[in-house]
Structure formats: C-alpha cells, structure tokens
Amino acid sequence: MSRTGLAIRILLLAAGMIMVAVLSAWVAFTFLTHGGEVTVPDLQGAELRAALELTSRDQLGLRVKGTGYDLGTPPGHVISQDPLPGARIKTNRIVYVVVSQGTPSVFIPNLTGLTLRRAELQLAQAGLTLGKSGHTHDEEAPTGSVSAQSPAAGHFVPRNSNINLLLSDGARPTVYLLPDMTGFPMETVLNRIRDWNMRSGRIMEIVDEEVPPGTVAALTPPPGSAVVEGQSVHLTVTKMPGPAEPSQVVLYHHTAPFGLLDRTLTLVLKTGEGESTVWEDTVGPGNSISIPVVVSSPGVLKAYVDGVLLEEKEVP
C-alpha cells in the first residue's frame, strides 16, 4: 500500500471515531435532560390521601406546605399545588400542596334588645349579614328592638351566613268596640277619643237645622267597629245653614270585604273645576262606613280601593 493510501485510511478512521464520540455525547445528553420525566397530575380538589396516591403512582413525592380556608373546598382537600398540573418534571421530585380547612366559621352574637341599626353593626363585625326581618307584638321588648333571632345566639355558622330577626312592635294595643256617640257634642266625643288613646281624625261639617250646631252626626269607623289604640276616628259634625249655601252633601256607603288586611279607600270628586281627592283612609276587613261628601256642582264621584277603581257615580 502506498503512503498516500495509508494516510487516507487513517483520516477516515479518525473521522469515524469523532462521529461515534459526538453521537454518544448526544445520546447521553438526551438521557440526562429528558429521561425519567413525568407529567404533574391535577391534585386540586382531591382529598389528601387520593393526592398522595396520584403522586406515588407517577414516582413523585407530596408535601403539605400550608393550610387555608376556602369556601368551595371541603376540609382535607387540596386547594392549590406547585408545580401546576401538566408541568413536566423529573421523577422523585416533590409536589407541594395547600390543604383546605373548610369554610371559616364565626360565632353568632346575641342581638336581642338591640335596635335594628345596632344589630346590623354587630352582624357586620361578626362577619354575618342581615337576612329577613319581621314584626311582632312583644310586651317585654321595647318597640323597634330585636325580639328574637334565627339562628339563635351562641352557635357557629359559616362566615357571611344570614341571620333573621324578629322586631318588636311593643305591647299589643288595647282593642275597643266603638260606642255610638252620635248626638253628643263634638267636644265630648273628642275628649272620649283621647281618653282611649285614639286620635281625632278629620272633622267634616254638614248642614242640619234640626239639631244644635257642633253635634256629632256620624263616626268613621261606624259605631260597633273594633278599634285599637292610636287609630284615627273621623267625625261628621252639624252646622247651621249659611246664607245661600250652594253645596250639597251626599253620603257614600262602603262595606269592606272580609279578609286579613286593611284596604285603602279613596274618593275622588270630578266636576267642571277638575278632580280632587275628598276622602282617603284605611278600612278594616268587614267594616261599613258612611262618608259625607260636599258637592258644590254636578260631577262624578269615583271610589278606589287600594288604587283600583271600584265604582263611579254621578252626584249630587
């Protein structure tokens, strides 16, 4: 073999050895950088024991790095993790998790006897909110104060829970049967009304030449009705006829249907001069009333119950 051929063979052999070395290094690098990797499983929401099984299956470790309250995660379940689900890490690495202590609980304070405003402040300071509120008569609780609460004080409930309150309207008012005081002087009837802790309402006048002026001709509510303390009683009182009295008085009769709620009766008089409300008040269930309406010119009298037209009639 010539010297030139020998040199060529030596060069080819050296080149082959270099390629083998480069290939070996690449394989080793690939194994060291990519070999033994796994995908981090999704542990969020999983119970701690289940999370441990998932990481062990993928040859990963699990460590609790903290706890915290979470409204949507039950106690003992994973709130968050590091690394996040789907990340690629080497086997035998540690996945750190934060475990839920459940929903934070707060203590319900005693609100009985407090005003509504103070009760709301107490609830806000305790991390609670005001739920529904109702009213009841309570002889022992001052008017406007908390008579009862639900849930009761002394229990633990989740933060931001609603606390329902029952507010006192004070002692139940005394109920009277309104006697027939027609024919008595107006001052006598007004004094009797005040003695019963009721209020004198509107005083309307009608012309009556047969009885002295200032005599009570009608009561609203009518005699025999059940009335309570603080309720208004309206009077119709006689007066002497004036000179050239142009107006006329018509009586409007109304009987409220039986039920549980009071109804608001409104009388509107429409004449050539326009419309005007001549009477408005509440009427108890089943009560009958007679309302005198002064009419100075022909028109239409409209009756509304709770804002709904009941009837209309021409007057006088």
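The largest pocket takes up a volume of about 340 Å³. This pocket is lined by 17 residues, and those closest to its centre are Ala226, Gln231, Asp262, Gly284 and Asn287. Two or more lining residues come from each of strand 14 (226-228), strand 15 and strand 18 (274-283). Strand 18 supplies the largest share of this lining, with four residues. Sorted by class, the pocket lining has eight nonpolar, seven polar and two charged residues. The model examined here is a predicted one.

Rolling a probe the size of a water molecule over the atoms shows where empty space is left. A pocket is open, whereas a cavity is a space where the probe fits but cannot get out.

How many cavities of 30 Å³ or more does the structure hold? There is one. The largest cavity contains about 60 Å³ of space. Its lining is made up of Arg202, Met204, Ala218, Thr220, His234, Leu235, Thr236, Trp279, Ile291 and Pro292. Strand 12 (199-207), strand 13 (216-220), strand 15 (232-239) and strand 19 (288-295) each give two or more residues to this lining.

Which strand gives the largest share of the cavity lining? Strand 15 does, with three residues. Strand 15 is also among the elements that give two or more residues to the lining of the largest pocket.

How values were computed:
Residues are numbered from 1 along each chain as its sequence is written. This is a predicted model: local features need pLDDT of at least 70, side-chain atom pairs count only at pLDDT 80 or more; totals for chains, interfaces and linings use all residues. Side-chain values use heavy atoms; hydrogens and water are left out. On a 1 Å grid over the protein atoms alone, a cavity is a set of points where a 1.4 Å probe fits but cannot get out, and a pocket is an open set with protein on both sides within 12 Å along at least five of seven lines; lining residues have an atom within 4 Å of a point. Grid points are joined across faces, edges and corners, and a volume is the space filled by probe spheres set on the points. Ala, Val, Leu, Ile, Met, Phe, Trp, Tyr, Cys and Pro count as nonpolar, Asp, Glu, Lys and Arg as charged, and the others, Gly among them, as polar.
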